[in-house]
Amino acid sequence: MIKIAIAIGLFIVSYSPHAPIAKVVQEDAPAYAKWSRLAIKQTQSEYPKASIIDYLYMGSAANNGFTVATFRLWLREGQREYGVVVRVTYVTETEKLESVKFHEIVPPG
């Protein structure tokens, strides 16, 4: 009886219509994931001596055929901590990169 239950369970699992996990993970990735990776990579290039210790997606805005995705990264370089706002501009329709701009945020104190 146990063997029959195991066989039925294996049959159901092997013929289940569920999507592969890799596909589900890709579908669940947010639309801005591509631009986050680019913002992080460009920040590492622009600030090679700093470590990125925090990250925040601040949103996107579309205007005149371009989209600007904005991210805030918090960096640590030695004893200094500071923020950098990264604005990634790309052509909305083609997703061709237009520019990456950085603006440092100096904490009060």
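**Helices, strands and a nonpolar core**

The chain has 3 helices and 4 strands. This is a predicted model, where local features need pLDDT of at least 70, side-chain atom pairs count only at pLDDT 80 or more, and totals for chains, interfaces and linings use all residues. Residues are numbered from 1 along each chain as its sequence is written, and side-chain values use heavy atoms, without hydrogens and water.

Q: Why is T67 called buried?
A: Buried means under 20% relative accessible area, exposed over 50%, and partly exposed in between (1.4 Å probe, protein chains only). T67 has 7% relative accessibility, so it counts as buried. T67 is found in strand β2, residues 66-77.

Q: Why is Q44 called partly exposed?
A: The relative accessible area of Q44 is 47%, so Q44 is partly exposed. Q44 lies in helix α3. Q44 and L75 are 31 residues apart in sequence, and their C-alpha atoms are 9.7 Å apart in space.

Q: What makes the pair T67 and T92 a polar contact?
A: A polar contact is a pair of N or O atoms within 3.5 Å; within protein, one must be able to donate a hydrogen and the other to accept it, and residues adjacent in sequence count only if both atoms are side-chain atoms. The side chains of T67 and T92 make such a contact at 2.6 Å.

Q: Which residues does T67 touch, not counting residues up to four places away in sequence?
A: Contact means heavy atoms within 4.5 Å. On that basis T67 touches S60, A61, A62, V88, T89, Y90 and T92.

Q: What makes a set of residues a nonpolar core, and which members touch the most others in the largest one?
A: A nonpolar core is a set of buried Ala, Val, Leu, Ile, Met, Phe, Trp, Tyr and Cys residues joined through side-chain atoms within 4.5 Å. The largest has 14 residues, and W35, F71, L75 and V88 touch the most other members. Helix α3 (33-46), β2 and β3 (80-91) each supply at least two residues. β3 gives the most, with 5 residues.

Q: How much of the chain counts as buried?
A: Of its 109 residues, 21% count as buried.
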